[in-house]
Amino acid sequence: MKRIVLLSIFISFLYPQMETQIGIEAGPSITSLRAGYPSVRLYEGRLRSFSSGFYYQFKFSNLLSFKWSASFEKKGGSTETILTDEEGDLIFRRTEELNFHYLTMPFIMQVTLIDKLNNKFSYKVNANFGSYLSYLFKVTINDTNLDDLYVDESFEIIDMGLIIGFGAIFPINEKVRFS
């Protein structure tokens, strides 16, 4: 992480004309789990959660930029247990959530496809390509901590993957954007 910050500062000095942005980002997410393990298959229900962190973006031109961020993400799934009597009357209902708490660092190249700026309504449409690295630091069931041994032996601590997607940015004012 220290190397990434130092590299970012170094690039800023090499290209002083390049626009850089530093900001805070946060937003909701909906996640679910898909796995071949029977114990994880129980939690295939959707889980509403959030992600928050900060970002650093280099804008090489009006068309191309590089974005790095560090954010806290909560992912997981849920399951519901329903117990009824012989007549179908509800005896017991419980929803259980399996939560994975990650520190995630995506590295994204952003290509602007549409850049519409006018006085009434402005927006940008982007294509995003890159990768991410995540570190699992805590696992909870219904917000109750599981012991560290269970986390270490049962789950992969490091997660890596690819990012491919589209996004839109709507400027609210000079310093605030909705994307």
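This is a predicted model: local features need pLDDT of at least 70, side-chain atom pairs count only at pLDDT 80 or more; totals for chains, interfaces and linings use all residues.
Local features need pLDDT of at least 70 and side-chain atom pairs count only at pLDDT 80 or more, while totals for chains, interfaces and linings use all residues. Residues are numbered from 1 along each chain as its sequence is written, and side-chain values use heavy atoms, with hydrogens and water left out.

Glutamate 25 belongs to strand β1, residues 19-31; strands are DSSP runs of E, at least two residues long, numbered from the N terminus. Its relative accessibility is 24%, so glutamate 25 counts as partly exposed, a class that lies between buried (under 20% relative accessible area) and exposed (over 50%), with a 1.4 Å probe and protein chains only. The side chain of glutamate 25 forms a polar contact of 3.3 Å with the side chain of lysine 67 and another, of 3.4 Å, with that of serine 69. A polar contact is a pair of N or O atoms within 3.5 Å; within protein, one must be able to donate a hydrogen and the other to accept it, and residues adjacent in sequence count only if both atoms are side-chain atoms. Serine 51 is 26 residues from glutamate 25 in sequence, with a C-alpha to C-alpha distance of 8.1 Å.

Threonine 104 is found in strand β4, residues 90-116. This threonine 104 is buried, because its relative accessible area is 4%. Its side chain makes polar contacts with the side chains of glutamate 73, at 3.3 Å, and serine 134, at 2.9 Å.

Notes
Helices (H or I, at least four residues) and strands (E, at least two) are DSSP runs, numbered from the N terminus.
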